[in-house]
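Please read these notes with the structure open beside them. They take up helix packing, then the ligand, then a strand residue.

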Amino acid sequence: MKELLIFYFSGTGNARQVAEWMKEDVMEKGVKCSLYDITQLNINEITIDNDAHIGLISPVHGFNYPPIMLNFISRFKYGHNKVILMNTRAGMKIGSVVTPGITGIAFLLSAMILSIKGYKVIGMVPFDMPSNWLSLHPALRGKAVDYIFEKNHQRVNKHSLRLIKNEHDFTALREIVQDLLISPIALLYYAIGRFFIAKTFYASHTCLHCDMCIKRCPKHAIIKKSGHPYWTFKCESCMKCMNICPGRAIETSHGLVMMTVLCTLLLSSSALYAMLPSIFDNAQVSFITINVFLFILMGLLYRIQHVLIMYKFTGKLIHIFSLTHFKWWGRYRRNGRL
Ligand SMILES: Cc1cc2nc3c(=O)[nH]c(=O)nc-3n(C[C@H](O)[C@H](O)[C@H](O)COP(=O)(O)O)c2cc1C
């Protein structure tokens, strides 16, 4: 390997950290290496030598690469370079074991797109970095994060050496059965789930109005509505906003999620069934109808919540129903460098 170009997307710094470790490793062995943040880049402005290796790394979101990465890959010009696909997943620490996350279709789908464009995929390597999905679980504590980082640093060293020696590295294929089994959920997350989750974020009444979330959102998904940050469906839930917010004001609205799901279940089983019973005769039609309903309701309730946040009493009530607002829940931070 003479040259390695690594293109990365990173919400909370894990994927970027792996890219940086890899750069150190390969440069130590005399390989030229450059890192590119895909949110700051127009791929068509980059010239890639035919013999340069390409590394792609991004977190896994919903058992797939996030759309921002998939779009980037699909904009790649045709070429014949060798490509190494990598991801960072949700690692957790149980005792001295770092439990693995799940890649799903992230590598398979990207490899398919790249192969059609003429590239040769020579590696698929996952890294189980600390999970940053704070909407689902409390933040990992500092010691666990440090431990997981150390373990992954060693793994990056090992895989970098294999790549420098021009060995193929398909570590990810060991999990192919699990990845294929989970593919329907990955597709559902891509088609529906991610839009739903986009509406779970809000800035509480403690917002300092520094606009950092708006300025640094990689998708420009946060806008200002009535002077307050407002998450649009463009959000990919990368968690950057929540992690960089200096006032710790960005929360996940668990109350809103519960209310939307409950209302959808109640209304679809009573009102919708009373009005249009024939819909429920067909499984696919009822699935689509319920999901359309869920979306409309979530969008509507999110707007109402946005207004209610501004009032002291309702703002505090929404805050109380957001698990992330509790101090013990914490925030995912590593070295404060996000
Ligand atoms: C919305 C969302 C979805 C996620 N889905 C998955 C998943 O399907 N599988 C997995 O292993 N990790 C999943 N994760 C965890 C992240 O991929 C993981 O923490 C990653 O290391 C974050 O990298 P980053 O800091 O570069 O953004 C998810 C995280 C978020 C925020």
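1. In this predicted model, helix α9 (residues 254-275) packs against helix α10 (residues 283-309) at an angle of about 135°, and their axes are 9 Å apart. Helix α9 is therefore oblique to α10. An angle of over 145 degrees would be needed to count as roughly antiparallel. The two helices make a right-handed crossing.

2. Which residues make the contact between these two helices? From α9 come L256, V257, T260, V261, C263, T264, L267, S268 and L272. From α10 come T289, I290, F293, L294, L297, M298, L301, Y302 and Q305. Sorted by class, the contact of α9 with α10 holds 13 nonpolar and five polar residues, with no charged residues.

3. Helix α10 also packs with helix α6 (residues 183-198): the axes come within 10 Å and cross at roughly 25°. This angle makes α6 roughly parallel to α10, since angles under 35 degrees count as roughly parallel. The crossing of α6 and α10 is left-handed, whereas that of α9 and α10 is right-handed.

4. On the α6 side, the residues that meet α10 are L188, I192, F195 and F196. Their partners in α10 are F287, N291, L294, F295 and M298. How do the residues of this contact divide by class? Eight are nonpolar, one is polar and none is charged.

5. Turn now to the ligand. There are 24 residues around the ligand, and those that come nearest are S10, T12, A15, V60 and F63. One of these, V60, has a backbone N or O atom 2.7 Å from an oxygen atom of the ligand.

6. Two further residues place polar atoms by ligand oxygen. In T88 the atom belongs to the side chain and is polar, lying 3.2 Å from an oxygen atom of the ligand. In P130 a polar backbone atom is 3.2 Å from an oxygen atom of the ligand.

7. Finally, consider V98, which is placed in strand β6 (residues 97-99). What does V98 contact, leaving aside its neighbours within four places in sequence? The residues are G91, M92, D128, Y147, I148 and K151. For one of them, Y147, the position along the chain is 49 residues from V98, while the C-alpha atoms of V98 and Y147 are separated by 8.7 Å.

Notes. Residues are numbered from 1 along each chain as its sequence is written. This is a predicted model: local features need pLDDT of at least 70, side-chain atom pairs count only at pLDDT 80 or more; totals for chains, interfaces and linings use all residues. Side-chain values use heavy atoms; hydrogens and water are left out. Axes are lines fitted to C-alpha atoms, for helices over the stretch in contact, and angles run from 0 to 180 degrees between N-to-C directions. Helices (H or I, at least four residues) and strands (E, at least two) are DSSP runs, numbered from the N terminus. Angles under 35 degrees count as roughly parallel, over 145 as roughly antiparallel, 65 to 115 as roughly perpendicular and the rest as oblique. A crossing is left-handed if the near helix is turned anticlockwise from the far one by less than a right angle, and right-handed if clockwise. Contact means heavy atoms within 4.5 Å. Ala, Val, Leu, Ile, Met, Phe, Trp, Tyr, Cys and Pro count as nonpolar, Asp, Glu, Lys and Arg as charged, and the others, Gly among them, as polar. A residue is near a molecule or strand if one of its heavy atoms lies within 4 Å of it. A polar contact is a pair of N or O atoms within 3.5 Å; within protein, one must be able to donate a hydrogen and the other to accept it, and residues adjacent in sequence count only if both atoms are side-chain atoms.
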